[in-house]
Amino acid sequence: MIETSAEYAENDALPRRHEVHTSGEEGCSGPAKLPESVGRKPVKEKSPAEWAYERLVLYIQSFEEQLDNEHEVAMGLAGGQVGVLRIEGLGFFDPDIVTFYGSEPDGTRTQLIQHVTQLNVMLRAVRKEVEEASPQRIGFRLVQDLDNA
């Protein structure tokens, strides 16, 4: 694809994302397609926490789009105590902290506070808690929050 010099300069300044999958599914490559709200503020002006938060929101939303109505997004925890956290909230504290809010499978309320240099997130599909209820889709709410920022 031939680009104008202006398009090349703009694409060079945008964050890039690249994926390859064994299934043959088409992954992302090149400048990331970001919600307009994420692109309003240049990456260079964002704290590491804000930029990590925005990308996590996009990963969570993308992961949820692949789930059926019987599953919700959770994350696997590693470190001192291995476990699973059902993601019910996500936030950041400038300049370098990302926070996950949720609950463990036994219902224990949990909050994970992580420095961006130690950020490691494994998204998992877990069965939703209540059979009749619709799955909770935090990714949709997170993107709405980005759009309202």
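Biologist: Which residues is Ile60 in contact with, leaving aside its neighbours within four places in sequence?

Modeller: Val73, Ile87, Leu90, Leu123, Ile138, Gly139 and Leu142. They are called contacts because the term means heavy atoms within 4.5 Å. This is a predicted model, where local features need pLDDT of at least 70 and side-chain atom pairs count only at pLDDT 80 or more, while totals for chains, interfaces and linings use all residues. Residues are numbered from 1 along each chain as its sequence is written, and side-chain values use heavy atoms, with hydrogens and water left out.

Biologist: What are the helices and strands of the chain, and in which pattern do they follow each other?

Modeller: The chain has 4 helices and 5 strands, in the pattern α-α-α-β-β-β-β-β-α. Helices (H or I, at least four residues) and strands (E, at least two) are DSSP runs, numbered from the N terminus.

Biologist: Which residues have the most contacts inside the largest nonpolar core?

Modeller: Val57, Ile60, Leu90, Val98, Phe100 and Leu142, in a core of 21 residues. H3, strand E1 (71–77), E2, E3 and helix H4 (138–148) each supply at least two of the core residues. H3 gives the largest share, 7 residues. What makes such a set a nonpolar core is that its members are buried Ala, Val, Leu, Ile, Met, Phe, Trp, Tyr and Cys residues joined through side-chain atoms within 4.5 Å. In soluble globular proteins, nonpolar side chains tend to be buried together.

Biologist: How many aromatic pairs does the structure hold, and why is the pair of Tyr53 and Phe92 called tilted?

Modeller: There is 1 aromatic pair. The ring centres of Tyr53 and Phe92 are 5.0 Å apart and the planes stand at 55°, so the pair is tilted. Tyr53 lies in helix H3 (residues 48–64) and Phe92 in strand E2 (residues 83–93), so the pair ties together parts that are 39 residues apart in sequence. By definition, rings of Phe, Tyr and Trp (its six-membered ring) pair if their centres lie within 6.5 Å; planes under 30 degrees apart count as stacked, over 60 as edge-to-face and the rest as tilted.

Biologist: What is the order of the strands in the open sheet, and why are E4 and E5 called edge strands?

Modeller: The 5 strands have the order E4-E3-E2-E1-E5, with antiparallel pairing. Strand E4 (109–115) and strand E5 (122–127) are the edge strands, and each pairs on one side only. The twist from one strand to the next averages 45°. H3 packs on the sheet, touching E1, E2, E3 and E5, and its direction makes about 140° with that of E2. Axes are lines fitted to C-alpha atoms, for helices over the stretch in contact, and angles run from 0 to 180 degrees between N-to-C directions.

Biologist: What makes E1 and E2 a pair of strands?

Modeller: Two strands pair if DSSP finds at least two bridges between them. E1 and E2 are joined by 4 bridges, so they meet the definition. Met75 has its bridge partner, Leu85, in E2. E1 and E5 pair in the antiparallel sense over 6 bridges, and Ala74 stands opposite Arg124 in E5. E2 and E3 pair over 7 bridges, while another 7 bridges join E3 to E4.

Biologist: What makes E1 mostly covered?

Modeller: In E1, 7 of its 7 residues are buried. His71, Val73, Met75 and Leu77 point one way, and Glu72, Ala74 and Gly76 the other way.

Biologist: Why is Thr99 called buried?

Modeller: Thr99 has a relative accessible area of 7%, so Thr99 is under the limit for buried. Thr99 belongs to strand E3 (residues 97–103). Beyond four places in sequence, Thr99 is in contact with Gly89, Leu90, Gly91, Gln111, Leu112 and Ile113.

Technical notes. Buried means under 20% relative accessible area, exposed over 50%, partly exposed in between (1.4 Å probe, protein chains only).
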